[in-house]
Amino acid sequence: MKILDIFQVDAFTDKKFKGNPAAVCILTEDLEDKDLLSIAEEMNLSETAFVKPIDGSSLKNAKTFSLRWFTPKAEVPLCGHGTLATCEVIFSKYKNSNEELIFKTLSGDLICKKTPLGISLDFPLDTPKKILPTTELLNALGITSFEDCILGEKTKKLVLRLKSSEEVLSINPDYEALKTLSFNFDVKGIGITAIGNDKYDFISRYFNPWMGVNEDPVTGSVHTLLANYFGEILNKKELSAYQASPRGGEMNLKIIEDRVKIIGKSVIVMKGEIYI
(Lines give C-alpha, C1' and ligand atoms only; values in the text may rest on other atoms or scores of the structure.)
Protein backbone atom coordinates (compact mmCIF):
# COMPACT_ATOMS: atom_id res chain seq x y z
CA MET A 1 0.00 0.00 0.00
CA LYS A 2 1.20 3.51 -0.88
CA ILE A 3 0.37 6.45 1.38
CA LEU A 4 0.37 9.86 -0.30
CA ASP A 5 -0.04 13.32 1.20
CA ILE A 6 -2.95 15.22 -0.32
CA PHE A 7 -4.24 18.75 0.22
CA GLN A 8 -7.30 20.76 -0.72
CA VAL A 9 -6.58 24.37 -1.60
CA ASP A 10 -8.90 27.26 -2.49
CA ALA A 11 -7.15 29.13 -5.31
CA PHE A 12 -7.48 32.69 -6.61
CA THR A 13 -8.78 33.93 -3.29
CA ASP A 14 -7.50 34.88 0.15
CA LYS A 15 -10.66 33.59 1.87
CA LYS A 16 -11.45 29.98 2.78
CA PHE A 17 -14.38 28.42 0.92
CA LYS A 18 -14.13 30.93 -1.93
CA GLY A 19 -12.19 30.75 -5.19
CA ASN A 20 -11.60 27.46 -6.96
CA PRO A 21 -10.84 24.34 -4.89
CA ALA A 22 -8.15 22.02 -6.21
CA ALA A 23 -6.62 18.91 -4.75
CA VAL A 24 -2.83 18.65 -4.68
CA CYS A 25 -1.40 15.14 -4.42
CA ILE A 26 2.29 14.72 -3.60
CA LEU A 27 3.93 11.90 -5.54
CA THR A 28 7.11 10.15 -4.43
CA GLU A 29 7.17 7.99 -7.57
CA ASP A 30 5.35 7.85 -10.88
CA LEU A 31 1.92 6.20 -10.84
CA GLU A 32 -0.08 4.71 -13.68
CA ASP A 33 -2.57 7.06 -15.32
CA LYS A 34 -5.47 4.89 -14.16
CA ASP A 35 -4.40 5.46 -10.56
CA LEU A 36 -4.14 9.21 -11.07
CA LEU A 37 -7.60 9.25 -12.61
CA SER A 38 -9.01 7.17 -9.74
CA ILE A 39 -7.62 9.66 -7.23
CA ALA A 40 -9.12 12.56 -9.19
CA GLU A 41 -12.47 10.76 -9.29
CA GLU A 42 -12.28 10.19 -5.54
CA MET A 43 -11.50 13.85 -4.82
CA ASN A 44 -14.35 14.87 -7.17
CA LEU A 45 -13.05 18.39 -7.73
CA SER A 46 -12.70 20.16 -11.06
CA GLU A 47 -8.97 19.30 -11.04
CA THR A 48 -6.49 17.34 -8.98
CA ALA A 49 -2.83 18.23 -9.40
CA PHE A 50 -0.09 15.60 -9.15
CA VAL A 51 3.36 16.97 -8.39
CA LYS A 52 6.75 15.32 -7.94
CA PRO A 53 10.31 16.70 -7.63
CA ILE A 54 12.39 15.63 -10.62
CA ASP A 55 15.81 16.97 -9.70
CA GLY A 56 16.47 14.52 -6.89
CA SER A 57 15.87 17.05 -4.14
CA SER A 58 13.38 17.12 -1.29
CA LEU A 59 10.14 19.09 -1.55
CA LYS A 60 11.77 21.71 0.67
CA ASN A 61 14.75 22.26 -1.62
CA ALA A 62 13.62 21.19 -5.11
CA LYS A 63 13.28 23.83 -7.81
CA THR A 64 12.03 21.69 -10.71
CA PHE A 65 8.94 19.46 -10.59
CA SER A 66 6.76 17.40 -12.87
CA LEU A 67 3.13 18.51 -12.76
CA ARG A 68 0.00 16.93 -14.22
CA TRP A 69 -3.69 17.75 -13.79
CA PHE A 70 -6.72 15.46 -13.96
CA THR A 71 -10.44 16.16 -13.84
CA PRO A 72 -12.68 13.32 -12.62
CA LYS A 73 -12.90 12.26 -16.27
CA ALA A 74 -9.61 12.99 -18.05
CA GLU A 75 -6.18 14.62 -18.02
CA VAL A 76 -6.02 18.29 -19.06
CA PRO A 77 -3.01 20.05 -20.63
CA LEU A 78 -3.18 23.26 -18.58
CA CYS A 79 -4.74 24.25 -15.27
CA GLY A 80 -4.14 27.61 -13.65
CA HIS A 81 -5.82 27.11 -10.29
CA GLY A 82 -4.25 23.66 -9.91
CA THR A 83 -0.83 25.20 -10.50
CA LEU A 84 -1.45 28.02 -8.04
CA ALA A 85 -2.68 25.52 -5.43
CA THR A 86 0.42 23.39 -5.96
CA CYS A 87 2.71 26.38 -5.41
CA GLU A 88 0.89 27.26 -2.20
CA VAL A 89 1.41 23.76 -0.83
CA ILE A 90 5.10 23.64 -1.78
CA PHE A 91 5.83 27.09 -0.40
CA SER A 92 3.61 27.03 2.72
CA LYS A 93 3.54 23.41 3.87
CA TYR A 94 6.93 22.17 2.70
CA LYS A 95 8.69 25.52 3.34
CA ASN A 96 10.41 25.45 -0.03
CA SER A 97 13.35 27.85 0.07
CA ASN A 98 13.25 28.94 -3.59
CA GLU A 99 11.67 32.16 -4.81
CA GLU A 100 10.96 30.51 -8.17
CA LEU A 101 9.67 27.04 -9.11
CA ILE A 102 9.72 25.37 -12.53
CA PHE A 103 7.02 22.87 -13.51
CA LYS A 104 7.42 20.47 -16.44
CA THR A 105 3.93 20.07 -17.93
CA LEU A 106 2.07 19.11 -21.10
CA SER A 107 2.01 22.85 -21.90
CA GLY A 108 5.76 23.23 -21.54
CA ASP A 109 7.74 24.73 -18.68
CA LEU A 110 5.68 26.88 -16.31
CA ILE A 111 7.60 29.22 -14.01
CA CYS A 112 6.04 30.37 -10.75
CA LYS A 113 7.36 33.11 -8.47
CA LYS A 114 6.51 34.74 -5.17
CA THR A 115 5.41 38.39 -5.54
CA PRO A 116 3.92 40.99 -3.16
CA LEU A 117 0.52 40.45 -4.82
CA GLY A 118 0.62 36.66 -4.55
CA ILE A 119 2.10 33.84 -6.59
CA SER A 120 2.81 34.65 -10.23
CA LEU A 121 2.22 31.93 -12.82
CA ASP A 122 4.03 32.39 -16.14
CA PHE A 123 1.77 30.91 -18.86
CA PRO A 124 1.80 31.02 -22.67
CA LEU A 125 -0.47 33.76 -24.00
CA ASP A 126 -3.32 32.46 -26.16
CA THR A 127 -4.41 34.03 -29.45
CA PRO A 128 -8.12 34.81 -30.01
CA LYS A 129 -9.68 33.92 -33.33
CA LYS A 130 -13.10 35.38 -34.14
CA ILE A 131 -15.79 32.84 -35.01
CA LEU A 132 -19.57 32.64 -35.35
CA PRO A 133 -21.39 30.67 -32.63
CA THR A 134 -24.12 28.24 -33.60
CA THR A 135 -27.78 28.90 -32.84
CA GLU A 136 -27.79 25.73 -30.72
CA LEU A 137 -24.99 27.10 -28.54
CA LEU A 138 -26.73 30.45 -28.05
CA ASN A 139 -29.96 28.67 -27.14
CA ALA A 140 -28.22 26.39 -24.65
CA LEU A 141 -26.62 29.40 -22.96
CA GLY A 142 -29.82 31.45 -23.08
CA ILE A 143 -28.13 34.25 -25.05
CA THR A 144 -30.11 36.33 -27.55
CA SER A 145 -27.38 38.80 -28.51
CA PHE A 146 -23.64 39.16 -28.11
CA GLU A 147 -20.78 41.53 -28.96
CA ASP A 148 -18.13 39.07 -30.05
CA CYS A 149 -17.23 35.38 -30.11
CA ILE A 150 -13.64 34.09 -29.96
CA LEU A 151 -11.84 30.77 -29.89
CA GLY A 152 -8.39 30.33 -28.35
CA GLU A 153 -5.90 28.91 -30.84
CA LYS A 154 -3.98 27.07 -28.11
CA THR A 155 -6.52 26.42 -25.36
CA LYS A 156 -9.48 25.82 -27.73
CA LYS A 157 -11.72 27.65 -25.29
CA LEU A 158 -14.72 29.38 -26.85
CA VAL A 159 -15.80 32.67 -25.24
CA LEU A 160 -18.72 34.97 -26.00
CA ARG A 161 -18.44 38.62 -25.05
CA LEU A 162 -21.74 40.06 -23.86
CA LYS A 163 -22.81 43.70 -23.67
CA SER A 164 -22.62 44.13 -19.89
CA SER A 165 -21.41 42.51 -16.70
CA GLU A 166 -25.04 42.32 -15.59
CA GLU A 167 -25.79 40.02 -18.51
CA VAL A 168 -22.86 37.80 -17.59
CA LEU A 169 -24.22 37.47 -14.06
CA SER A 170 -27.77 36.69 -15.20
CA ILE A 171 -27.00 33.85 -17.64
CA ASN A 172 -28.42 30.47 -16.57
CA PRO A 173 -27.14 27.80 -19.00
CA ASP A 174 -28.95 24.59 -19.86
CA TYR A 175 -26.10 22.18 -19.06
CA GLU A 176 -27.86 19.13 -20.46
CA ALA A 177 -28.35 20.96 -23.75
CA LEU A 178 -24.69 22.02 -23.73
CA LYS A 179 -23.63 18.38 -23.37
CA THR A 180 -25.44 17.45 -26.59
CA LEU A 181 -23.71 20.10 -28.71
CA SER A 182 -21.23 19.16 -31.40
CA PHE A 183 -18.79 21.47 -33.17
CA ASN A 184 -16.90 21.18 -36.45
CA PHE A 185 -13.78 22.33 -34.62
CA ASP A 186 -12.15 21.44 -31.31
CA VAL A 187 -13.74 23.12 -28.25
CA LYS A 188 -12.44 22.55 -24.70
CA GLY A 189 -15.00 24.66 -22.80
CA ILE A 190 -17.35 27.64 -23.04
CA GLY A 191 -16.98 31.06 -21.42
CA ILE A 192 -18.91 34.31 -21.28
CA THR A 193 -17.35 37.67 -20.51
CA ALA A 194 -17.85 41.44 -20.51
CA ILE A 195 -15.98 44.61 -19.65
CA GLY A 196 -16.10 45.08 -15.87
CA ASN A 197 -16.69 47.94 -13.49
CA ASP A 198 -14.39 50.34 -11.61
CA LYS A 199 -12.74 47.50 -9.67
CA TYR A 200 -12.10 44.99 -12.48
CA ASP A 201 -11.21 45.44 -16.14
CA PHE A 202 -13.40 42.48 -17.11
CA ILE A 203 -15.44 39.69 -15.58
CA SER A 204 -16.16 36.20 -16.86
CA ARG A 205 -17.80 32.84 -16.21
CA TYR A 206 -16.75 29.45 -17.57
CA PHE A 207 -18.67 26.22 -18.22
CA ASN A 208 -17.40 22.73 -19.02
CA PRO A 209 -20.09 20.09 -18.42
CA TRP A 210 -18.32 17.78 -20.92
CA MET A 211 -15.52 17.35 -18.35
CA GLY A 212 -17.86 16.97 -15.37
CA VAL A 213 -17.70 20.65 -14.32
CA ASN A 214 -20.91 22.58 -15.03
CA GLU A 215 -19.52 25.94 -13.89
CA ASP A 216 -15.87 26.26 -12.95
CA PRO A 217 -15.34 28.58 -9.95
CA VAL A 218 -12.15 30.20 -11.32
CA THR A 219 -10.31 29.21 -14.51
CA GLY A 220 -6.72 30.35 -14.88
CA SER A 221 -6.21 28.88 -18.36
CA VAL A 222 -9.09 30.79 -20.01
CA HIS A 223 -7.45 34.01 -18.83
CA THR A 224 -4.49 33.32 -21.12
CA LEU A 225 -7.02 34.02 -23.88
CA LEU A 226 -8.98 36.80 -22.15
CA ALA A 227 -5.82 38.70 -21.19
CA ASN A 228 -4.83 38.93 -24.86
CA TYR A 229 -8.34 39.79 -26.01
CA PHE A 230 -9.07 42.53 -23.48
CA GLY A 231 -5.49 43.77 -23.54
CA GLU A 232 -6.05 44.75 -27.17
CA ILE A 233 -9.50 46.23 -26.55
CA LEU A 234 -8.50 48.24 -23.48
CA ASN A 235 -4.94 48.95 -24.68
CA LYS A 236 -3.49 47.59 -21.43
CA LYS A 237 -0.64 45.25 -20.55
CA GLU A 238 -1.81 44.88 -16.94
CA LEU A 239 -5.39 43.93 -16.15
CA SER A 240 -7.51 42.92 -13.17
CA ALA A 241 -10.07 40.15 -13.62
CA TYR A 242 -12.94 38.63 -11.68
CA GLN A 243 -14.58 35.27 -12.38
CA ALA A 244 -18.17 35.70 -11.30
CA SER A 245 -19.05 32.15 -10.25
CA PRO A 246 -21.02 31.56 -7.03
CA ARG A 247 -17.69 31.14 -5.17
CA GLY A 248 -15.95 33.94 -7.07
CA GLY A 249 -12.26 34.55 -7.60
CA GLU A 250 -9.89 37.27 -8.73
CA MET A 251 -6.49 37.65 -10.34
CA ASN A 252 -4.11 40.19 -11.83
CA LEU A 253 -2.70 39.71 -15.32
CA LYS A 254 0.53 41.04 -16.83
CA ILE A 255 1.25 40.55 -20.53
CA ILE A 256 4.92 40.28 -21.48
CA GLU A 257 5.41 39.56 -25.19
CA ASP A 258 3.92 36.09 -25.85
CA ARG A 259 3.50 35.20 -22.16
CA VAL A 260 1.06 36.24 -19.46
CA LYS A 261 1.70 36.33 -15.74
CA ILE A 262 -1.38 35.25 -13.80
CA ILE A 263 -1.06 36.48 -10.22
CA GLY A 264 -3.29 35.24 -7.42
CA LYS A 265 -3.53 34.08 -3.84
CA SER A 266 -4.74 30.81 -2.33
CA VAL A 267 -5.62 29.23 0.99
CA ILE A 268 -5.03 25.65 2.18
CA VAL A 269 -8.20 24.29 3.78
CA MET A 270 -7.50 20.58 4.26
CA LYS A 271 -4.66 18.08 4.55
CA GLY A 272 -4.90 14.30 4.56
CA GLU A 273 -3.48 11.02 3.36
CA ILE A 274 -4.72 8.88 0.52
CA TYR A 275 -4.10 5.11 0.41
CA ILE A 276 -3.67 3.27 -2.88
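Mentor: A contact, in what follows, means heavy atoms within 4.5 Å. The model is predicted: local features need pLDDT of at least 70, side-chain atom pairs count only at pLDDT 80 or more, and totals for chains, interfaces and linings use all residues. Residues are numbered from 1 along each chain as its sequence is written, and side-chain values use heavy atoms, with hydrogens and water left out.

Trainee: With which residues is Val 187 in contact, leaving aside its neighbours within four places in sequence?

Mentor: Val 187 is found in the loop between α5 (175-179) and β12 (189-195); helices (H or I, at least four residues) and strands (E, at least two) are DSSP runs, numbered from the N terminus. The residue is buried, at a relative accessible area of 17%, where buried means under 20%, exposed over 50%, and partly exposed in between (1.4 Å probe, protein chains only). Beyond four places in sequence, its contacts are Leu 151, Lys 156 and Leu 158.

Trainee: How many Å apart in space are Val 187 and Lys 157, C-alpha to C-alpha?

Mentor: In sequence, Val 187 and Lys 157 are 30 residues apart. From C-alpha to C-alpha, however, the distance is 5.8 Å.

Trainee: Which side chain of opposite charge is nearest to Asp 216?

Mentor: Asp 216 lies in the loop between β14 (213-215) and α6 (223-234). It is buried yet has no salt bridge, that is, a side-chain nitrogen of Lys or Arg within 4 Å of a carboxyl oxygen of Asp or Glu. Lys and Arg count as positive and Asp and Glu as negative, while His and the chain ends are not counted. On that basis, the nearest opposite charge to Asp 216, 7.3 Å away, is on Lys 157.

Trainee: Which side chain is joined to that of Asp 216 by a polar contact?

Mentor: A polar contact is a pair of N or O atoms within 3.5 Å; within protein, one must be able to donate a hydrogen and the other to accept it, and residues adjacent in sequence count only if both atoms are side-chain atoms. Not counting residues up to four places away in sequence, Asp 216 touches Asn 20, Ser 46, Tyr 206, Gln 243 and Ser 245. The polar contact, at 3.1 Å, joins its side chain to that of Asn 20.

Trainee: With which residue does Glu 29 form a salt bridge?

Mentor: A search of the whole structure finds 17 salt bridges. In the pair formed by Glu 29 and Lys 2, the closest N and O atoms are 4.0 Å apart. Glu 29 lies in the loop between β2 (20-26) and α1 (33-43) and its partner in the segment before β1 (3-11), so the pair ties together parts 27 residues apart in sequence.

Trainee: What is the relative accessibility of Asp 148?

Mentor: Asp 148 forms a salt bridge with Lys 130, with the closest N and O atoms 3.5 Å apart. The pair links strand β10 (residues 148-152), which holds Asp 148, to strand β9 (residues 128-130), which holds Lys 130, across 18 residues. Lys 130 counts as exposed at 62%, whereas Asp 148 counts as buried at 13%.

Trainee: What is the radius of gyration of the chain?

Mentor: The chain has six helices and 18 strands. The radius is taken over C-alpha atoms, and the globule rule is 2.2 Å times the number of residues to the power 0.38. That rule gives 19 Å for 276 residues, and the chain's own value is close to it, so the chain is as compact as a globular protein of that length, at 18 Å.
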